[in-house]
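The sequence and the model are shown first.

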Amino acid sequence: MGLFVFNILHMYLAGAAGYGIYSTIFSHFMNENMMSYGEQLALTHLDMAHFDLGGYIGNDFLHSMMMVTIKQVYGYVIWFALSLASIFMLCDIHAIRTNIRKVPRWPVYAIEYFAKRR
């Protein structure tokens, strides 16, 4: 039962944190891309009498900006995941793994601590 409760809390908290991180990064890149690529709309060779600006913004421009933003966000996610995997693989090398400071033996310390309290 305790593992079930931990898993529920863990998944909800991790899901909320992940959603917050992704939405913040996505919003930042979307705004930046719209600002950068929006300069292309100021071209003077467009015939505004025959150009449907609202249709272009609603259909083509926003769709293109969203695709660029998704590629950017997940590109950074892939680089981060590859870097983390490389660090984990580096720590798996025997020479490095044996020289890393070992995790203390907590159960032994707990037994010794409780033995001293009596």
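A residue is called buried when its relative accessible area is under 20%, exposed when over 50%, and partly exposed in between, using a 1.4 Å probe and protein chains only. The model is predicted: local features need pLDDT of at least 70 and side-chain atom pairs pLDDT 80 or more, while totals for chains, interfaces and linings use all residues. Residues are numbered from 1 along each chain as its sequence is written, and side-chain values use heavy atoms, leaving out hydrogens and water.

The protein chain contains 4 helices and 0 strands, in the order α-α-α-α. These elements are DSSP runs numbered from the N terminus (helices: H or I, at least four residues; strands: E, at least two). Of the 118 residues, 6% are buried. The chain exposes about 10,400 Å², of which carbon and sulfur atoms supply 69%; accessible areas come from the Shrake-Rupley method with a 1.4 Å probe, and for residues only the protein chains shown count as cover.

Contact means heavy atoms within 4.5 Å. Among contacts with a separation of 6 or more, 81% join residues 24 or more positions apart. Asn 33, in helix α1 (residues 2–37), counts as buried because its relative accessibility is 5%. Beyond its neighbours within four places in sequence, Asn 33 touches Gly 38, Met 65, Val 68, Thr 69 and Gln 72.

Aromatic rings of Phe, Tyr and Trp (its six-membered ring) pair if their centres lie within 6.5 Å; planes under 30 degrees apart count as stacked, over 60 as edge-to-face and the rest as tilted. This rule gives 3 aromatic pairs. In one of them, Phe 29 and Tyr 76 are stacked, because their ring centres are 5.5 Å apart and their planes lie at 10 degrees. This pair links distant parts of the chain, with Phe 29 in helix α1 and Tyr 76 in helix α2 (residues 53–91), 47 residues apart.

Tyr 12 also belongs to helix α1.

| Residue | Relative accessibility | Class |
|---|---|---|
| Tyr 12 | 61% | exposed |
| Phe 29 | 13% | buried |
| Tyr 76 | 56% | exposed |

Helix α4 (residues 106–117) has 12 residues and spans 17 Å from first to last C-alpha, close to the 16 Å expected at 1.5 Å a residue; the expected span is 1.5 Å times one less than the number of residues. Helix α4 lies largely in the open, because 0 of its 12 residues are buried.
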